[in-house]
Amino acid sequence: MRSRLRLLRFRPQEAALVAITAVWGSTFLLVHWAMEHSGPWFFIGIRFLVAGLISVIIFRRSMRGMRWSDIGAGAAIGLMIHLGYGLQTVGLQTIESSTSGFITAMYVPLVPFAQWAVFRKRPPAMAFVGAGLAFLGLLLIAGPEAIVTLSLGAGEVATLIATLPIAAEIILISVFAARGVDLGRVTVVQLFTAGLLGILTMPIAREAVPSFSWVWVGAAVGLGAASCVIQLTMNWAQKSVSPTRATIIYSAEPVWAGVVGRIAGERLPLTALIGGGLVVLGILASELRIVRRRATPVDDDCS
């Protein structure tokens with residue numbers, strides 16, 4: 001037996017996930033600004049209601065054929081989006097974005113194990129290696145100070161809990177995509193579900209409607225459009241991209257956030273640059289496959 005490593009090229013679906021991850025990473029700054037003028041659950045509600053309205057315009061022709069399976073899938077995914085994005089936004093009120101990125105990164109190693117539990121199929125060994133490298137890179141991006149001084153305040157606890165629905169969202173998208181639900185209908189339902197739950201959470205969290213501000217209005221509309229594109233692309237791409245590989249790609253989110261921060265005037269320390277390199281290395285490692293080739297038997301001629 002002879003083994004060799006083969007690097008698979010990015011398919012269009014994977015390239016699309018890389019693109020939306022770049023968009024995703026740029027949202028941290030906008031959310032941080034918006035939290036100075038709005039509460040987290042109101043902002044999440046408006047953001048995803050806007051995204052839902054945009055998706056209705058895009059998929060208006062397919063809405064007449066709505067099935068209960070589409071509603072169920074969209075509601076389940078929407079609930080995870082509501083909890084994941086909502087709790088992460090709550091955390092961003094009191095903690096730095098680097099600390100938020102570090103804690104949120106916990107979903108990276110969670111997904112392969114969750115995939116194992118749901119699909120009863122062990123992911124390839126290189127997927128675990130890639131996830132480990134990406135997570136180590138995210139630790140370095142957060143910085144040694146964030147790791148050493150990390151304390152579990154309200155913001156940290158909220159962000160840590162958010163990693164569970166984020167991992168569940170990725171798994172659910174793959175599960176329902178494999179069952180052949182309608183892409184457009186599920187996207188509409190999940191976005192409206194996340195938005196409505198955000199508004200309904202306000203009285204529970206005792207959150208008031210904020211005063212009008214173009215900051216949260218602009219951020220909500222812009223991020224609503226971005227959320228529509230992100231969720232639509234995830235639903236489409238994860239029909240053929242495994243949850244583990246998708247998670248490795250998503251783990252580059254803090255790298256893109258760092259790029260946006262640098263454009264805005266921030267300067268990444270050396271450890272963060274090394275961490276970004278490890279995330280990229282993790283993505284490449286997840287694309288490696290060990291291919292075993294049997295040795296060609298040699299025929300013995302007896303003459």
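## Exposure of the aromatic residues

In this predicted model, Phe-212 counts as exposed, because its relative accessibility of 56% is over the 50% cut-off. Trp-214 is likewise exposed, with a relative accessible area of 66%. Trp-216, by contrast, has a relative accessible area of 10% and is therefore buried.

## Aromatic pairs and cluster

Four aromatic pairs are counted. One of them joins Phe-212 and Trp-214: the ring centres lie 5.0 Å apart and the planes meet at 80 degrees, so the pair is edge-to-face. Phe-212 also pairs with Trp-216, with ring centres 6.3 Å apart; the planes stand at 70 degrees, so this pair is edge-to-face as well.

A single aromatic cluster is formed by Phe-42, Phe-212, Trp-214 and Trp-216.

## Packing of helices H4 and H10

Two packed helices are described by the angle between their axes and by the distance between those axes. For helix H4 (residues 68-91) and helix H10 (residues 183-205), the angle is about 45 degrees and the axes are 7 Å apart. The two helices are therefore oblique to each other, and H4 passes H10 in a right-handed crossing.

On the H4 side, the residues that make the contact include Asp-70, Ile-71, Ala-73, Gly-74 and Ile-77. On the H10 side, Arg-185, Val-186, Val-189, Gln-190 and Leu-197 are among them.

Note on methods. Residues numbered from 1 in each chain as written. Predicted model: local features only at pLDDT ≥ 70, side-chain atom pairs only at ≥ 80, totals over all residues. Heavy atoms only, no water. Axes fitted to C-alpha atoms, helices over the stretch in contact; angles between N-to-C directions. Helix = DSSP H or I, 4+ residues; strand = E, 2+ residues; numbered from the N terminus. Parallel < 35°, antiparallel > 145°, perpendicular 65-115°, else oblique. Left-handed = near helix turned anticlockwise from the far one by under 90°. Contact = heavy atoms within 4.5 Å. Phe/Tyr/Trp six-rings, centres within 6.5 Å; stacked < 30°, edge-to-face > 60°. Buried < 20%, exposed > 50% of the residue type's maximum accessible area, 1.4 Å probe, protein only.
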